[in-house]
Amino acid sequence: MDDVRSLLTAYVTEAEPPIGLSGDAVLAAARRVRRQRVLTAAAAVCVVVLALGLAVVVLPHRTPVAGPACPGATDTRAALVDRLSCLVGRAVRALLPPEAQISRLTIPGETPPADPFRLIADPAGKAPRDALFHMGVRVTDARGTGSVYFLILPGGAGGPPCGDPEELTCRTETTPRGLLWLATLRSGDVVTNRVGLAAPDAHVQFWSVNSGVLQQTGVRLPKQRPEPTLTLDQVRQLALTPGLDL
């Protein structure tokens, strides 16, 4: 908890732009917190994982159909999770081919939710919005296996600067929703398309990778498809999804 809270405090609660804040850093902190939560149950879960082969839920992608509007409540953290999960799930599914299979990316010992797009909310304060909301999904289609990640946390006013040594391209763009940061990065054979949005009340990031292995600090990812699951333009479209705010 302290890892997540310290990141959010440094980049969000002091009214400073979250320059240098990366999805990898905050997700790594969140995973450390959740790893501690599930440690005591690891032995029992391990038996289940071995029996099932993989602790993931694999769902065939279906073409989105018209349905009820996503929930609009924001008065509790659970309500925020319901609303944001619905919006993110619909937006990502709409960009995937009909035959794509979607499964949740999880840490060891973590039981995947029935909905692979169900967000995790790692608390950093008492208010509903004071949390790190995030998730990652593995996507397999005719081109191979890749992944899509989402992150949102309170605060805006800035985004990751260009200048990362792994960047192939990087630019910023001013939009009615806020400042966008768009970059393509390469680490070995692994390519990432990442977009960050500094909205008035939230910092939003989506990124897509050409590997379906969970991103973890110090772990070298294998290339599993020629390019990321989603193009940079598609990731940009996701970051500008209406309703993604806290």
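**Entry 1: a strand pair**

I started at E173, which stands opposite L180 in β7. I took two strands as paired if DSSP finds at least two bridges between them, and helices (H or I, at least four residues) and strands (E, at least two) as DSSP runs numbered from the N terminus. This is a predicted model, in which local features need pLDDT of at least 70, side-chain atom pairs count only at pLDDT 80 or more, and totals for chains, interfaces and linings use all residues. Residues are numbered from 1 along each chain as its sequence is written, and side-chain values use heavy atoms, with hydrogens and water left out.

Next I looked up how β6 and β7 run. Strand β6 (residues 167-175) is antiparallel to β7, with eight bridges between them.

**Entry 2**

I then followed β7 into β8 (residues 190-198), and found nine bridges and an antiparallel run. R186 stands opposite V191 in β8. The hairpin of β7 and β8 also has two residues between the strands, and there G188 takes a positive phi near 65°.

How many residues of β7 are buried? I used buried for under 20% relative accessible area, exposed for over 50% and partly exposed for in between (1.4 Å probe, protein chains only). Seven of the 10 residues in β7 (residues 178-187) are buried, so I noted the strand as mostly covered.

**Entry 2: the whole chain**

I stepped back and found five helices and nine strands. Their order along the sequence is α-α-α-β-α-β-β-β-β-β-β-β-β-α. Of the 246 residues in the chain, 48% are buried. The chain exposes about 11,400 Å², and carbon and sulfur atoms supply 59% of that area; accessible areas come from the Shrake-Rupley method with a 1.4 Å probe, and for residues only the protein chains shown count as cover.

For contacts I used heavy atoms within 4.5 Å. Among contacts between residues at least 6 apart in sequence, 62% join residues at least 24 apart.

D245 lies in the segment after α5 (232-239). Buried or partly exposed? D245 counts as partly exposed because its relative accessibility is 32%. Beyond neighbours within four places in sequence, D245 is in contact with L80, R83, L84, I152 and D201. I also checked V204: it is 41 residues from D245 in sequence, and their C-alpha atoms are 8.3 Å apart.

My last stop was P113, in the loop between β2 (101-104) and β3 (120-123). P113 has 22% relative accessibility, so I put it down as partly exposed too. P113 and S103 are 10 residues apart in sequence and 9.8 Å apart in space, C-alpha to C-alpha.
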